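The structure comes first, then the details.

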Amino acid sequence: MSNLSTEILFDRFEIIEILKKDEHASVFLANHIYLSKKIILKILNTERIADNSLVERFKREAKILAQLDHPNIIKVLDFGTNKEYFYISFEYFEGQSLRNLLKKNELTLQQKEQLTIQLFKGLDYAHNNKIIHRDIKPENIFVNTNYHLKIGDFGLALSAEDTLVTQPYSIVGTPSYMSPEQIRGEKLTHKSDLFSAGLVIFEMFTGKNPFVQENINLTINKIMSFNEEELINDLSVLPELYKKIIIRLLRKNPAQRYSSANEVLKELNVTNELQNYINEQSATADIKTVTFTSKKKKTRVIIAIAIVLFIASFFILYTQLHINNNKNTILNNANKTQTAEQQPKEPQKELSNVGDSKIDKPKEKEKESINIPKEDNQNKVIPIVPPATTKPSKLFVDCYPWAEIYIDGVKKDVTPLINPLSLDPGEHTMKLINPDYPPYMALIKIEPNENSYIKVNLDTTLAFLECNVFPWGNLYLNGELKGQTPLRGLIRLFPGKNRITIKNPAYKDIDTTFIAKKGDTLKLFFKFKK
C-alpha cells in the first residue's frame, strides 16, 4: 500500500487520515477532489485474497449497499476498481464513534434510549434488504452532536443469501462483539447482528462488555461458554424492560433471540398506539393533526367526571340545607321580634294621630326589612369554584426520515421522539430541519387538554429524477456524484434549478440545467455523441 496514493488515489482522492488498516483492507478519511468534500474511503486489495469469488461478492455487495438509503445508515457514494484495488466511498458523517462517546460516560438514560431505537431502526432496514452487517460494534456506530446515529462500515457486509466459505471472512472485526455462531464459522443470519447489537447496548447501559478478557482466545472462550444467568446480575441496575431485551438478544441459541430488529422496536414501544393509528392513515405526506384517546383514558375520564359530579351534588345539597336552616332561624327570630312589637299598644295609639295609611306602610317596610336582614348574606354559604386551569398539551411528531424540531423558532428535540413535546394551547409555528431536504414549515393549532399527532414525510418536499444514459456515465447532480448509470431507483432533487453533468471518458461531457417543481418526477434520456 506504500504507493497506493499515487496509483489509486491519484486522480480522485486525497488522503487525510488512515482510520484502519489490515492485510486485506484499509479505511481512510479522504477529500474527494472533484466534489470538494470529505468522504470515507474503504479499499480492498484483491491480489491478497486467494478466493476470487470473495472479490466478486465484495463488488456485488457494494452495488447493493449503494441502494441503501436510510437515516440511520451511512450511505455509499461511489465504488470502482483501479488495478488490484477495489474501493468504496461513503458519506462522511460529522460526528464521533459511539466508542469515543462511551468513554466520556456522559449519556443520559433518555439519550441511551434514543440511540438504541435508532440502532435497531437501521438494522431493521438493512435486514429487510437482506444485508447482514457482521461487524456491529461501537467503533462502527457514529453519533453527531444532536445524538443522531448512523451505522457505518457496511463495506464488507454479506447478503443473507450467501454462505461463508473461507476462514478469513468468517471472523472479522472485534471478536468481543461476535455471536457464538459467527465464531464457529457457521452460515450467518440477521440474528447474529442482533447478538452484537445486544452487546453494544449492554455496554452502553452498564459501561462494560461482559465478554472482554485478557486476550482474544480467552474472549472467544468466554463467548462460547458464558452463563446466560450470570448476565442478569450485571444488569440489576437497569430498567426492567432493557434487562429483558438484552438478555433475550444475548441468547446463545439464535432461535431463542428476537426474530427481528422490528420485534425489538415493538418491545421498546416504537410501534405503539400512535404508530398503529398512523399506519392506518393514507401514505400521503400532508401534515395531519388529530386527537386520539385510548379506551383506558376514556374510562378514566368518565370515572373522574362521575366522582366530580357526585361531590358537587353533595356539596350543593349540603349548601342548600345549610341556607334553609339559616333562613328558618332568621324567620323565627323575625317572628319573635314581630310579636314583641305587637304587645305594646301605647305607641300605636300615639302614631294613630298621624294617620292609618302612614302607619301601615312603615310597618310593612319594617317587616320586609326584618324578613331579609343583613344577617342572611353573612350566614349564606357560597361555594368557591376554582378557576379553570389549562395544562400543556402533548404533541407527537412522526417524521420520515428524521428531523430537528423547532417550535416558534426554538429547537425542541430530534425525531424519533422518545417522549412527546409539551406545548401550551394555541397556534404555533413548527419547522422540521434535515440537511438533505428543504425546510418543512407548518402552522399547528394545539387544543387545550388534547393530544395532537403529526405525521410528515419529507420526501414530499422534493422532486425526483429518473435518468437513462447510453451507453453509461458517471452522473453528477449539482456537482455531487450520484453514481454510475444505470442507477437503481430515483434521484432526489431540491425544487428549483438543478444541473446535471454526465461523464464518460470516451465521450464529451453532457452538461445541462433544468427546473424541478415539488412533487415532480422527471424522466430524462441522454445519449453520448462523439
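Ile407 stands opposite Met430 in S16. The model is predicted. The pairing behind this contact is that of S13 and S16, which is antiparallel and runs over four bridges.

Both strands belong to an open sheet of four strands. The order is S14-S13-S16-S17, and the pairing is antiparallel. Strand S14 (410-414) and strand S17 (440-446) each have a single partner strand, so one side of each is left without a neighbour in the sheet. From one strand to the next, the twist averages 30 degrees. In general, strands of a sheet pair through backbone hydrogen bonds, either parallel or antiparallel.

The pairs are set out below.

| Strand pair | Sense | Bridges |
|---|---|---|
| S13 (residues 404-407) and S14 | antiparallel | four bridges |
| S13 and S16 | antiparallel | four bridges |
| S16 (residues 426-433) and S17 | antiparallel | seven bridges |

Glu404 has Val414 in S14 as its bridge partner. Glu427 stands opposite Lys445 in S17. The hairpin of S13 and S14 has two residues between the strands. There, Asp408 takes a positive phi near 55 degrees.

A positive phi also occurs by a helix. Just after H4, Lys130 adopts a positive phi of about 60 degrees. Helix H4 covers residues 109-128. Is H4 enclosed or open? With under 20% relative accessible area as the cut-off for buried, 15 of its 20 residues are buried, so H4 is largely enclosed by the rest of the structure.

Next come the cores. The largest nonpolar core has 66 residues. Within this core, Leu98, Leu119, Phe120 and Ile201 have the most contacts. Helix H6 (residues 190-206) gives the most to the core, with nine residues.

What does Leu98 touch, not counting residues up to four places away in sequence? Its contacts are Leu115, Pro138, Ile141, Val143, Val200 and Met204.

A second core is separate and has 21 residues. Leu395, Leu432, Ile444 and Phe464 are included in this second core.

Conventions
Residues are numbered from 1 along each chain as its sequence is written. This is a predicted model: local features need pLDDT of at least 70, side-chain atom pairs count only at pLDDT 80 or more; totals for chains, interfaces and linings use all residues. Side-chain values use heavy atoms; hydrogens and water are left out. A nonpolar core is a set of buried Ala, Val, Leu, Ile, Met, Phe, Trp, Tyr and Cys residues joined through side-chain atoms within 4.5 Å. Buried means under 20% relative accessible area, exposed over 50%, partly exposed in between (1.4 Å probe, protein chains only). Contact means heavy atoms within 4.5 Å. The expected span of a helix is 1.5 Å times one less than its number of residues. Two strands pair if DSSP finds at least two bridges between them. Axes are lines fitted to C-alpha atoms, for helices over the stretch in contact, and angles run from 0 to 180 degrees between N-to-C directions.
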